[in-house]
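Here is a short tour for a first look. Keep the sequence and the 3D view side by side as you read.

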Amino acid sequence: MPPLAGAELVHTPLQLYRYLLRCCRQLPSTAMQQHYRHAIRQGYNSHSDEDDPERTQMIIQRAIADADWILDKYTKKK
């Protein structure tokens with residue numbers, strides 16, 4: 001199950017970037033949110049020259065799965 005509704009609508013890197021930033025809002029502390037926003041920005045910049053559509057889709061799927069794992073890790077802890 002994806003962390004936010006609409007994960008199935010993510011098809012482009014820009015949509016992924018915006019989706020991941022919205023996921024960050026669900027993290028419990030401001031420090032965590034800033035850390036992951038920075039990591040998302042760095043990942044977006046490092047893959048901005050990717051032109052293979054198949055590789056781009058693999059990156060998108062992996063990023064959504066990672067976001068799901070991170071949100072599960074921090075929001076299920078109580």
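Helices here are DSSP runs of H or I with at least four residues, numbered from the N terminus. With that naming, α1, α2 and α3 each supply at least two residues of the lining of the largest pocket. The model is predicted.

**Confidence**

The protein chain averages a pLDDT of 89. A score of at least 70 is reached by 94% of the residues. Among the elements of the chain, α2 has the highest mean pLDDT, 95. The lowest mean, 92, belongs to α3.

**Helix α3**

Start with α3, which covers residues 53-75. This helix has 23 residues. From first C-alpha to last, α3 reaches 33 Å, close to the 33 Å expected at 1.5 Å a residue.

Which residues of α3 are buried? They are Thr56, Ile59, Ile60, Ala63, Ile64, Ala67, Ile70 and Leu71. An α-helix has 3.6 residues a turn, so residues three or four places apart point the same way. The buried residues of α3 pack against two partners: α1 (13-24) and α2 (30-46).

**The largest pocket**

Rolling a probe the size of a water molecule over the atoms shows where empty space is left. The largest pocket has a volume of about 570 Å³. Its lining counts 24 residues, and the closest to the centre are Leu16, Leu20, Ile40, Gly43 and Ala63. Ala63 is also one of the buried residues of α3.

Which helix gives the largest share of this lining? It is α3, with nine residues. By type, the lining of the largest pocket divides into 17 nonpolar, four polar and three charged residues.

**Two exposed residues**

Now turn to Thr30 and Ser48. Thr30 sits in helix α2, while Ser48 lies in the loop between α2 and α3. Are they buried or exposed? Exposed means over 50% relative accessible area. Thr30 has 52% relative accessibility, so Thr30 counts as exposed. Ser48 has 53%, and therefore Ser48 counts as exposed too.

The table pairs each of them with another residue of the chain.

| Pair | Apart along the chain | C-alpha to C-alpha |
|---|---|---|
| Thr30 and Glu8 | 22 residues | 27 Å |
| Ser48 and Pro13 | 35 residues | 8.1 Å |

Find both pairs in the 3D view. Thr30 and Glu8 are separated by 27 Å.

Technical notes
Residues numbered from 1 in each chain as written. Predicted model: local features only at pLDDT ≥ 70, side-chain atom pairs only at ≥ 80, totals over all residues. Heavy atoms only, no water. Expected span 1.5 Å × (residues − 1). Buried < 20%, exposed > 50% of the residue type's maximum accessible area, 1.4 Å probe, protein only. Contact = heavy atoms within 4.5 Å. 1 Å grid on protein atoms, 1.4 Å probe; cavity = no way out; pocket = protein on both sides within 12 Å on 5 of 7 lines; lining within 4 Å. Points joined across faces, edges and corners; volume = space filled by probe spheres on them. Nonpolar A, V, L, I, M, F, W, Y, C, P; charged D, E, K, R; others polar. pLDDT = per-residue confidence, 0-100.
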